[in-house]
Amino acid sequence: MRFATSVVSGLAFLAGSVVAHPGHDISQEIKERRDYLSSVKRTNLDHCAPKLKARGVEKRNVQRRAALLEKARAKRGLNKKRDLDSVLATNHNSSDLGYTPNTDATTLFTGYNSCLLTPEVTQGPYYVGGEYVRENVIEDQEGVDTILDYQVIDINTCEPVTDVYVEMWHCNATGVYGGIVASGNGDNSDDSNINNTWLRGIQKTDSDGVAQFESIFPGHYTSRATHIHIMIHQNATLLANSTLGNNVSASHVGQAFFDQDLITAVELTEPYNTNTQELTTNADDSILSEETATDGVDPFYEYTYLGDDVTDGLFAWIAFGINATSSQDITPAAFFYKEGGVSNPNSGSSGPGGSPPGSSNSTSSASASATA
């Protein structure tokens, strides 16, 4: 589990042109993130903790996370030898920050390790519009099972943000994103990848602002540390095909990261150890360096093992602070339709473009834009 309350500070900002994927310059994303973090009054949720505790949200967080953890263990047959208290007491980290073998569920799951999502920032080169609203996004992908618990909090009112949609996406164990055909994303001669939907999904927040997913631990790709993308959709409508369509509001975007020790442990397992791309550590990631340059920002998941070993799976959680009055236009790299995927020619990514399958309408001016 992750015990630190802050991440490494003082990481140097990488000046000049920074490329996360071949042909993708993330310098603008870094600048936008820096400008936003330097302008906001609140950079974390510390000021919300007393109010959330008084309203019972903290207590419900403990109960929900403990129950989900037990459910996940039972599903995998990992709760036969020991009970919750003994498992939670296991120290999965060499941290010396005060957690002992007697740490209980209340201590483990209390607190608001948080990442402030930016209202105006680029969403990265591999976002796909039109993905499914679903909890389990694994499909046929192999890797370390990872259950994710997200909580969305209004940074101004300290209230949980209910009835908004949390979207997440990440690469597979060998560093490839499904739904995108582009140079630098696996085998760009494989046009069938445009139709893949794995490791992408959307969930609606409940009365405590919580959305949960079942996925696998993400792999790595050149120039970026291991991460998961997150986007918040407000005022969206769930359609009969279990999507939000391709014209939805996207008010906040961000990325969340994992401890380097955890990444190292996962990368030793199959199929992660077959990934031939160069691994970028957290210390060398340009986006993360911008996050950690701001006091109070801690965009890392808290986590605990489901069993004795990382291969048994993980349970990870994080809270996001948002400004619920903000809005943004989004230009996906591709769109997913009933008949399959289509690249957006306006996104700058290569791959099969053109009209939606079975449609006479061009996607040349398409973007998922709306206000929240």
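This is a predicted model: local features need pLDDT of at least 70, side-chain atom pairs count only at pLDDT 80 or more; totals for chains, interfaces and linings use all residues.
User: How many disulfides does a search of the whole structure find?
Analyst: The search finds one disulfide, and it joins C48 to C158 with an S to S distance of 2.2 Å.

User: Where do C48 and C158 lie?
Analyst: C48 lies in the loop between helix 1 (27–39) and helix 2 (49–54), while C158 lies in the loop between strand 5 (145–154) and strand 6 (165–169), so the pair ties together parts that are 110 residues apart in sequence.

User: And why is that disulfide left-handed?
Analyst: The torsion about the S-S bond of C48 and C158 is about -75 degrees, and therefore the disulfide is left-handed.

User: Buried or exposed, those two?
Analyst: Both C48 and C158 are buried; as for another cysteine, C171 is buried too, with a relative accessible area of 1%.

User: Switching to R64, which helix is it in, and what does it contact beyond its neighbours in sequence?
Analyst: R64 is found in helix 3, which covers residues 57–75, and, leaving aside neighbours within four places in sequence, R64 is in contact with D149, V210 and Q212.

User: Why is R64 classed as buried?
Analyst: R64 has a relative accessible area of 16%, and buried means under 20%, so R64 falls in that class.

User: What is the order of the three-stranded open sheet?
Analyst: The order is 4-14-15, with mixed pairing; strand 4 (128–129) and strand 15 (340–343) stand at the edges, each with a single partner strand, so one side of each is left without a neighbour in the sheet.

User: In which sense do strands 4 and 14 pair?
Analyst: Strand 4 and strand 14 (residues 334–337) pair in the parallel sense over two bridges, and G129 stands opposite F335 in strand 14.

Definitions and conventions
Residues are numbered from 1 along each chain as its sequence is written. Side-chain values use heavy atoms; hydrogens and water are left out. Helices (H or I, at least four residues) and strands (E, at least two) are DSSP runs, numbered from the N terminus. Buried means under 20% relative accessible area, exposed over 50%, partly exposed in between (1.4 Å probe, protein chains only). Contact means heavy atoms within 4.5 Å. A disulfide is a pair of cysteine sulfur atoms within 2.5 Å. Two strands pair if DSSP finds at least two bridges between them.
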